[in-house]
Amino acid sequence: MSKDNYIWIYGENRAESACENAFNFWRYGLTKDDSVDKYFILKKNKYTLEVYESLSKIEKEFILWHNSKKHKKIFEDADMCFISDSFEDVCPTKGTFRKKIYPIDKPLIFLQKDSNSLFNTRFTGESQNNNIFRFCVYDKNNMNIFKEKNNFRDYQLRYVKFPLKFDSKFIEEDESTPKDSLVFVVEWRYYDSIRQDFVNNLVGVLKSKELNEYLKNNNIKLKLYLHRYYKKNKFRNIFSCANDNIEIFETNVVSREDVLKCKLLITDYNSYAYDFTLLNRPVILYQPDFDFVKSKHQFLIDENELFNIKDSSELISAIVNEKEVANPVLEMWDDDIYDVKSDDHLNELYEYFLEKQENKITFIGYNFFGVGGTVSATKALSEGLMQKDCFVELYSILKTNSRNSKPYGINFTHAFYRHTISVREKVKYKLFKLTRRYGYIGYEENVDGLNPYSNYHLKRTLKNIKSKTVVSTRESLHLYLDDCRSDFIKDKIYFFHAPADTLDVMYPGLIKELKKKTFEKAIFVTESNRQALKDLLDYSGYNNYIIIGNALEQVKVIPREDIHAVPKKDKYVGIYLLRLSRDRIDDLNNLIEFAKHLKKKNVTNIVIDVFGGGNYVEDFMDIVYANNLDNIINYRGKTNNPFGEIKNHDFMADFTLNHSFGMIYIEGVLGGRKVFCMENQGSLEVMEGIDNTYIESFDWLVDQINNISDISEDELKENYDIISSKFSQKAVSEKFLDFLDK
């Protein structure tokens, strides 16, 4: 293993087998002479030891035995994980009696072990702690199903034209291998009510005189592969059926050799049905409990087109008389599946992931698990880059226990968990607090809330980072990135989010250090803030820059086709989102004055819902009640779902006098609502081109609200398009990528 190489680890079936897509993709990867070290994880058992002995000397060098010291060390440094079932395929475990999986914060690539499935998968786009970078699909017909039923994002799905376990070598062996056995694969019955009946039925089939005579007379082996839950000590009646012609395995992972020798597959619900159909072998679906299973599981196929056998005597007859039972639903593959006699499908996928790895983008920030404008904007940009097929990581110097949404498939990592719940975290906190070596994070105003361990971890992370592009999203972290000398980094980007007039407050003394540096590439949210940094703080320490704006995450944007005009109503309810703190008194007083105006004019059909929290809430509400305005101003508390609240209101009203960037206005327009606001730095920059936006007077605003039903759907969509052209994820991410190329 070289420290200058990327590390990929592979595993399947909880590290208990080595014969499926992940294993074959690993073996193929080892034929590549490149900068990637590729390891396969195995637990020692009868089957894996046999596989290990069959490997070449070089292949053996890249086998990691599960939970070995080497496994734990390499897993810590891994850059990508290729799995078939879950992160348990590759993760070490800790503890003794009750094994616990190490927390997974690695990008996961699902190489499904099955070519297709009879049932809908349990995985969603946010499964595996949100770390599914790519989910490989072998049947293009299923792409929409994964998006619609399993909530995968488009960018998470990767179409692969043929299962990876079927390569040119396999097909060559398959054509020359005599077919002299039957494979019978049985799934576990999760419901006690049907399990015993099925077991009795299976035993009856295996002990059938007619079947055994057929096997003996034709010198055919029946290989029964049982789900691992069918333990020999609990299901002795099944295992007692073994004889010279029937072999029984305590796994439902069919060996490569038996796939090659198989002339007929019998299974109930196992996805091997698709594999064997692809190999032009006959498949019998034996499903005696079909009606019950159908009531418990969602099939991916049309059951009316499914030909199955439910009666044991009919199954035996079909085997003995060698009747092929046609199942056209198993043959519904893509028209563009090409000749698997080549390894193009393996090479194409390998080169794809290598290109993603070599162009990885990492954002470093304060706490991407939390809230705030920088957090929201960075997550939105990252998601936009993912939609552009980039490989993205978000690294925080700390983590809070937050329920905020994360864009699917983006790798979130962190230095320190603020809620010290483990002994290890508590030790790190206490030891590093004693040192008080904060490094550059010492310039943070809230330095006492940080742990010096974050300083240490960030420096170590940047020293060992393997990303081509690293973006600092917080001014106090710019200095760490500038000091970094990793050979992998080709682009360092310095993102200035803090308003110029607050920079000295947020980071006391930092500007003096920043002036000692000259950064190659800087990004600003607005031109006005870039100019303010120059005018107020005399700062322009960069050679190249762009103005990028901000965007919203996908979940916070209403689909354009869902925008509808507000109908005529007896009462119109608007929304005002802001922080109710003492520095917002002037903004809140504007709202109070508007409410007084409504009361004076006896306007009773307009209500403003106020959302937000802060140190001024009680004072604000005292003013509302003192002036009898509670029938006009409705304080609704904090909200974790501003997007949902916006689309449930008739309009957005914003009385704020100063916004460094008008993110709230983007949220309003892309939420499908009309926005009314004051002229301020943010609104002038964001809302340019949108008519009837700026509040001219309270009478003007009342008139606009009372006639809001006259604002057509087309006008709302036109406003949506104006904002999207400048501040959509697509627009912002394209600006970012263009800047990288300069």
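1. The model is a predicted one. A disulfide is a covalent bond between the sulfur atoms of two cysteines. The cut-off for a disulfide is 2.5 Å between the sulfur atoms.

2. Check the pair from the other end. For Cys 91, the closest cysteine sulfur sits in Cys 81, again at 6.7 Å and too far for a bond. Now look at the surroundings. Cys 81 has 0% relative accessibility, so this residue counts as buried. Cys 91 is also at 0% relative accessibility and counts as buried.

3. Turn to strand E7, residues 108-111. Is Leu 108 buried or exposed? Leu 108 is buried, and so is Phe 110 on that side of the strand.

4. Which strands pair with E7? One is strand E4, residues 80-83, which runs parallel to E7 and is joined to it by 3 bridges. Within this pairing, Ile 83 stands opposite Phe 110.

5. Strand E8, residues 132-137, also pairs with E7. The sense is parallel, and there are 4 bridges. What is the bridge partner of Ile 109 in E8? The partner is Arg 134.

6. Next, the backbone. Asn 13 has a phi near 50°, a positive value in a residue other than glycine. Where does Asn 13 sit? Find the loop between strand E1 (6-10) and helix H1 (21-29): Asn 13 is there. Its relative accessible area is 6%, so Asn 13 is buried.

7. Asn 130 also deserves a look. Phi is near 75° for Asn 130, a positive value in a residue other than glycine. Asn 130 belongs to helix H5, which covers residues 127-130. Is Asn 130 buried or exposed? With a relative accessible area of 5%, Asn 130 is buried. The cut-off here is under 20% for a buried residue.

Note on methods:
Residues are numbered from 1 along each chain as its sequence is written. This is a predicted model: local features need pLDDT of at least 70, side-chain atom pairs count only at pLDDT 80 or more; totals for chains, interfaces and linings use all residues. Side-chain values use heavy atoms; hydrogens and water are left out. Buried means under 20% relative accessible area, exposed over 50%, partly exposed in between (1.4 Å probe, protein chains only). Helices (H or I, at least four residues) and strands (E, at least two) are DSSP runs, numbered from the N terminus. Two strands pair if DSSP finds at least two bridges between them.
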